[in-house]
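Colleague: Hey, I'm new to this one. Can you put it up and walk me through it?

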Amino acid sequence: FGEFLHQKGKKFSNFEEIRQEIEAETDRITGSNKGISNIPINLRVYSPHVLNLTLIDLPGLTKVPIGDQPADIENQIKGMIFQFIRKETCLILAVTPANTDLANSDALKLAKEVDPQGVRTIGVITKLDLMDEGTDARDILENKLLPLRRGYIGVVNRSQKDIEGRKDIHAALAAERKFFLSHPSYRHIADRLGTPYLQKVLNQQLTNHIRDTLPALRDRLQKQMLTLEKDVDQYKHFRPDDPSIKTKAMLQMIQQLQSDFERTIEGSGSALVNTNELSGGAKINRIFHERLRFEIVKMSCDEKELRREISFAIRNIHGIRVGLFTPDMAFEAIVKKQISQLKEPILKCVDLTVLELSNVVRICTDKV
């Protein structure tokens, strides 16, 4: 029998009832039209043949009308999956149909993003009975093509016709066994294929994985508990008028202000990101790389007048003498005059920068 966490104490001994309850709970959480939720449906299955397993079924999408933003839904599904498989303690079951290109498997692509070495990934190949005639998945199942540390297991599930015809699970398992034993490419590894073998492997690997990851998890929880106990002890003796508490709170706020300010200026991203217009570091960048350049280009320069000024400066510095080289003083006099013209646009950009920095500080101090 099985028990759901959301229906404690109620035993479901009929498989069809369990399936109906999964669908009903999915509709209750996500709505009957369409929807996605990362709230797991927890089902504990009790069986005399296997260890007690807690199965977590992720409610997926339900009844999605054609043309209803499939890209958005796809991104939501990926985001939901990543919440689970990013965790180092999570084993990943990557399921791929045999009648598709394994190299383009969505499941393996997602798994590779978070488990590039394939240490936590178990490959499952389905629909082996639907492959084109003359082709097989032998190289995949023997772990020669896109190998995984934990290997691949092939299964043959019931077809949609079998499900609609209420084909018995035991009959389906018997048909699966017969398929592997009679297939020339799979009969030599038939004992390492099929749903019962997959159940056995998952039991073993999950048990071993829990045993391996439990010590680190226990240490982390103990450290968290000690930290919390320390905080609790501190709050037991809390006095609102304690100056040290006020000082600590003020320091934390100042540190947060500094962190928010730096992120806004450096552009490393934060919850303060403006999606409507340029702000912070991006706006300051534009002031100096676009606005200043524009202001400088606007400055007029009469080359004829400049040459006349250079000539007078050189002659006045030489006086009655005739010089061979252009005197440094003439160069400095002309350059200083030219540079002085940059003062106005530069000061304008400085004022704009100060204004933007003030805006950033004002936004960041809203929290304080």
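This is a predicted model: local features need pLDDT of at least 70, side-chain atom pairs count only at pLDDT 80 or more; totals for chains, interfaces and linings use all residues.

Colleague: How many residues does α9 have, and how far does it reach?
Modeller: Helix α9 runs over residues 281-298, which is 18 residues. From first C-alpha to last it reaches 25 Å, close to the 26 Å expected at 1.5 Å a residue.

Colleague: Where is the kink in α9 centred?
Modeller: On isoleucine 287, and the kink is about 35 degrees. Ile287 is also one of the buried residues of that helix.

Colleague: OK, over to α12. Which residues are buried there?
Modeller: Pro345, Cys349, Thr353, Glu356, Val360 and Cys364 are the buried ones in α12.

Colleague: Why do you say they line one face?
Modeller: Looking down the axis of α12, its buried residues fall within an arc of 90 degrees, so they line one face of the helix.

Colleague: What's exposed on the other side of α12?
Modeller: Lys343, Glu344, Asp351 and Leu355 are exposed there. As for the buried residues of α12, what covers them includes α8 and α9.

Colleague: What span should α12 have, going by its residues?
Modeller: Its 22 residues should span 32 Å at 1.5 Å a residue. The end C-alpha atoms are 31 Å apart, which agrees.

Colleague: Let me zoom out. How many helices and strands are there?
Modeller: The protein comes to 12 helices and 6 strands. It has 368 residues, and 24% of them count as buried.

Colleague: What share of the contacts join residues at least 24 apart?
Modeller: That's 62%, among contacts between residues at least 6 apart in sequence.

Colleague: Now the nonpolar cores. How many residues are in the largest one?
Modeller: The largest nonpolar core has 19 residues. Those with the most contacts inside it are Ile125, Leu128, Leu141, Tyr152, Phe180 and Tyr186. The elements giving two or more residues to this core are α4 and α6, the latter being residues 169-182. Apart from it lies another core, of 7 residues, including Cys90, Leu110, Ala111 and Val114.

Colleague: You mentioned Leu128. What does leucine 128 touch?
Modeller: Not counting residues up to four places away in sequence, leucine 128 touches Ala98, Ala137, Leu141, Gly154, Val155, Val156, Phe179, Phe180 and Tyr186.

Colleague: Some aromatics in that list. How many aromatic pairs does the structure hold?
Modeller: There are 5 aromatic pairs. One of them joins phenylalanine 1 and tyrosine 46: the ring centres are 4.9 Å apart and the planes are at 25 degrees, so the pair is stacked.

Colleague: Where do phenylalanine 1 and tyrosine 46 lie?
Modeller: Phenylalanine 1 lies in the segment before β1 (2-4), and tyrosine 46 in the loop between β2 (41-45) and β3 (53-57), so the pair ties together parts that are 45 residues apart in sequence. Phenylalanine 1 counts as partly exposed, at 38% relative accessibility. Tyrosine 46 is partly exposed too, with a relative accessible area of 27%.

Colleague: And how are the rings of phenylalanine 179 and tyrosine 186 placed, stacked or tilted?
Modeller: That pair is tilted, because the planes are at 45 degrees, with the ring centres 6.2 Å apart. Tyrosine 186 is buried, with a relative accessible area of 0%. Phe179, Phe180 and Tyr186 form one aromatic cluster.

Colleague: What about the phi of leucine 146?
Modeller: Leucine 146 has a positive phi near 50 degrees, and is a residue other than glycine. Leucine 146 lies in the loop between α4 and β6 (152-154).

Colleague: Last one. Is glutamate 21 buried or exposed?
Modeller: Glutamate 21 is buried, with a relative accessible area of 9%. Its place is in helix α1, residues 15-30. Leaving aside neighbours within four places in sequence, glutamate 21 is in contact with Phe4, His6, Gln7, Phe12 and Arg28.

Methods:
Residues are numbered from 1 along each chain as its sequence is written. Side-chain values use heavy atoms; hydrogens and water are left out. Helices (H or I, at least four residues) and strands (E, at least two) are DSSP runs, numbered from the N terminus. The expected span of a helix is 1.5 Å times one less than its number of residues. The bend at a residue is the angle between axes fitted to the seven residues ending there and the seven starting there. Buried means under 20% relative accessible area, exposed over 50%, partly exposed in between (1.4 Å probe, protein chains only). A nonpolar core is a set of buried Ala, Val, Leu, Ile, Met, Phe, Trp, Tyr and Cys residues joined through side-chain atoms within 4.5 Å. Contact means heavy atoms within 4.5 Å. The arc is that of the directions from the helix axis to the C-beta atoms. Rings of Phe, Tyr and Trp (its six-membered ring) pair if their centres lie within 6.5 Å; planes under 30 degrees apart count as stacked, over 60 as edge-to-face and the rest as tilted.
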